[in-house]
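Open the model in your viewer and keep the selection tool ready.

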Amino acid sequence: MVSLKADMSPLHPDRNLALELVRATEAAAIRSVPFIGRGQKELADGAAVDAMRAFLQTVDFAGVVVIGEGEKDNAPMLYNGEQVGTGDGPQCDIAVDPIDGTTLTAEGRNNALSVLAVSDRGSMLDASSVFYMDKLVTGPAGVGVVDIRLPIGENIRLLSKAIGKPVDEIVVSVLNRPRHARIIEEIREAGAGTRLMSDGDVAGGINAARHNARTDMCVGVGGSPEGIVTACAIKALGGHIQGRLWPRDDDERQRGIDAGLRVGDDEVYEADDLVKGDNTIFVATGVTNGELVAGVRREGDYIYTESVVLRGRSGTLRRISSEHLTSKWL
């Protein structure tokens, strides 16, 4: 039985806040539409940031941006450490990605999302000192079974046994990057298939953790911020996520160490290291069509959006389909 006591506390994120946050991702997604397929990812991102920030300022919560668009001097909107919301209501850490997949948006390709994640104040890992993270994500069957320190072939075989699915039917999502050439080769040598993603590893991780998705595992090096955001969603899905920080050079490694982060091949961040507890909210609205949600579409006097809301405490994924009067957005 789910306790409602914590949900009713004014000090913690609750279900009402989750629905309010959808307005911010919807706004960011809608404002990015004029730039879809136009090759202008900076303009798309800027429009989404401005829209998300404007809506967040109307929400009754005291949010601190732990994962934002960068440092204050380089990102005037939604920078790391910025305070958002009215200041009333629950005190929260917040991670924002107005467009996860700016290149996808600029090129008019699938799987671009507008994303927000929220948790209790002080619960999100601040990994901003090290830009990249090596990640391993699966559904619930992978909990206590796979381990990021093992060879990928062994993890595939272990997961195959756990879910009762032949190895040759296992599909692994990986960002299509030169750095992943070897792991892609190892996945195929193990007998599994790959789904190569051009961008958007938040959606890739969530899709791998869902019970009815077409992929079984998501691996590889992507952004550290995306790892924290994904962890907030995985909490609601009961899935498995691990991460290892992946510094690009010795200077970045030292910055991570100086910031108190654990850096090294054997230094693994589990789900509760990435975000403590289960009082997490993840919200995403589709910018372009994808497996997780449909993208924004305009038909005459209406704009249609599709969003998902995942709450760690209740273990739910809700879909929200919205119709917006076009005249209100002109």
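Is Y302 buried, partly exposed or exposed? Select Y302: with a relative accessible area of 35%, Y302 is partly exposed. Here buried means under 20% relative accessible area, exposed means over 50%, and partly exposed lies in between (1.4 Å probe, protein chains only).

Two notes before moving on. This is a predicted model, in which local features need pLDDT of at least 70, side-chain atom pairs count only at pLDDT 80 or more, and totals for chains, interfaces and linings use all residues. Residues are numbered from 1 along each chain as its sequence is written, and side-chain values use heavy atoms, with hydrogens and water left out.

**Rings**

Y304 counts as buried, at 19% relative accessibility. The structure holds four aromatic pairs. Rings of Phe, Tyr and Trp (its six-membered ring) pair if their centres lie within 6.5 Å; planes under 30 degrees apart count as stacked, over 60 as edge-to-face and the rest as tilted. Y302 and Y304 have ring centres 6.4 Å apart and planes at 40°, so this pair is tilted.

Next, select Y132 and W246. Their ring centres are 5.9 Å apart and their planes stand at 85°, so the pair is edge-to-face. Y132 lies in strand β5 and W246 in the loop between β9 (240-245) and α8 (250-258), so the pair ties together parts 114 residues apart in sequence. Helices (H or I, at least four residues) and strands (E, at least two) are DSSP runs, numbered from the N terminus. W246 is partly exposed, at 35% relative accessible area.

Now show R179. R179 lies over the face of Y132, 4.9 Å from the ring centre. A charge sits over a ring if NZ of Lys or CZ of Arg is within 6 Å of the ring centre and within 35 degrees of the ring normal. Then go to R262, whose charged end sits over the ring of Y269, 4.1 Å from its centre.

Select D97, F131, G223, P225 and E226. Of the 38 residues lining the largest pocket, these lie nearest its centre. A pocket is an open set of points on a 1 Å grid over the protein atoms alone, with protein on both sides within 12 Å along at least five of seven lines; a cavity is a set where a 1.4 Å probe fits but cannot get out; lining residues have an atom within 4 Å of a point. The largest pocket holds about 920 Å³ of space. Volume is the space filled by probe spheres set on the points, which are joined across faces, edges and corners. β3 supplies the largest share of this pocket's lining, four residues.

Move to D134, I183, V219, G220 and R244, which lie nearest the centre of the second largest pocket. That pocket has a volume of about 280 Å³.

There is one cavity of 30 Å³ or more. About 90 Å³ of space lies in the largest cavity. Select K135, D201, C218, V219 and G220, the closest to its centre among 14 lining residues. β8 gives the most to this lining, with five residues.

**Cysteines**

Stay on C218, which counts as buried at 6% relative accessibility. Its sulfur is 16 Å from the closest cysteine sulfur, in C232, too far for a bond. Finish at C232, buried at 0%. The C232 sulfur is 11 Å from the closest cysteine sulfur, in C92, again too far for a bond. The structure holds zero disulfides (pairs of cysteine sulfur atoms within 2.5 Å).
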